[in-house]
Amino acid sequence: MHPDIEKLIELQELEIRIRRAAARIEQLPREMAAMEEQLVATRSLLDSQEAALGRIAAERRQLEGEIQIVEEKISKYRSQLSEVKTNEQYKALLHEIDFHGERISKMEDEILVNMEKEEGLREARLLLEQQLQKESARVDREKQVAQNEIEEIRIELDGRRREADALIALVTPEVYETYRKIAAVRKGVALAGAGENCRGCHVRVRPSVLGQVMGGKQIVHCDSCDRFLYWAPDSAT
Ligand SMILES: [Zn+2]
């Protein structure tokens with residue numbers, strides 16, 4: 001094989017790995033942000049439950065306050081019972097006492113309903129708190145894993161970039177320049193194996209061209225996609 005082609009094949013593999021690693025490094029912070037967003041969603045759900053609990057507690061306190069006021073009224077009426085002069089007044093007072101007694105029992109029913117709701121909300125909040133705890137522990141772990149992965153990839157990238165630079169220095173400058181140009185328009189793949197067809201564009205390679213590729217003495221390009229060709233018989237892959 002032509003020595004430049006040999007090095008370029010190695011370079012191309014390195015560059016493909018470098019691109020993948022760089023893409024992974026870009027991807028990881030986005031994954032971490034997505035994990036954080038999930039936590040934010042759970043936290044805001046917890047906040048709204050907290051607010052609902054607050055409203056219910058305030059409602060109950062208000063009802064309890066009203067009950068107290070009505071109870072005071074009733075005991076005032078009761079004390080007046082002994083002071084009334086007529087049967088009519090007596091009846092009227094009893095009527096008031098009944099009326100306010102009913103109001104109290106209605107409010108007490110409301111308080112019971114209210115307390116049930118509150119209990120349900122407290123249970124849901126507890127579950128949500130546990131969920132949040134679990135989620136945030138998991139997110140912390142996953143972020144740590146991602147962080148470690150980023151560090152590892154950075155080290156790997158440094159090494160591969162140095163390897164790539166060392167290879168580039170060994171390739172004939174004009175050949176390397178052509179490699180860059182083709183790579184730029186062929187998504188980073190400037191070399192293709194050739195058997196009967198070019199593996200880059202799948203177009204049949206003319207026998208005379210294939211002969212040159214097999215000879216390995218010259219640098220040969222695909223007639224169709226212009227990639228550098230190297231001998232890679234179909235059965236070998
Ligand atoms: Zn081709």
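Is Lys-187 buried or exposed? Lys-187 counts as exposed, because it has 9 C-beta neighbours inside 10 Å. The cut-off for exposed is 12 or fewer. The model is predicted.

**Two domains**

The protein splits into domain 1, residues 3–171, and domain 2, residues 176–236. Their centres, taken over C-alpha atoms, are 58 Å apart. Ten residues of domain 1 and nine residues of domain 2 make up the contact. On the domain 1 side, helix α1 (residues 3–81) gives the most, with eight residues. By residue class, that side of domain 1 holds six nonpolar, one polar and three charged residues.

**Two residues with positive phi**

Lys-187 has a phi near 50 degrees, a positive value in a residue other than glycine. Lys-187 sits in the loop between α3 (173–185) and β1 (191–194).

Asp-226 is not a glycine either, yet its phi is positive, at about 75 degrees. The loop between α4 (207–215) and β2 (228–231) holds Asp-226. Buried would take 20 or more.

The table sets out both residues.

| Residue | Phi | C-beta neighbours inside 10 Å | Class |
|---|---|---|---|
| Lys-187 | near 50 degrees | 9 neighbours | exposed |

Conventions
Residues are numbered from 1 along each chain as its sequence is written. This is a predicted model: local features need pLDDT of at least 70, side-chain atom pairs count only at pLDDT 80 or more; totals for chains, interfaces and linings use all residues. Domain bounds come from an automatic or database domain assignment. Two residues are in contact if their C-beta atoms, placed from the backbone, lie within 7 Å. Helices (H or I, at least four residues) and strands (E, at least two) are DSSP runs, numbered from the N terminus. Ala, Val, Leu, Ile, Met, Phe, Trp, Tyr, Cys and Pro count as nonpolar, Asp, Glu, Lys and Arg as charged, and the others, Gly among them, as polar.
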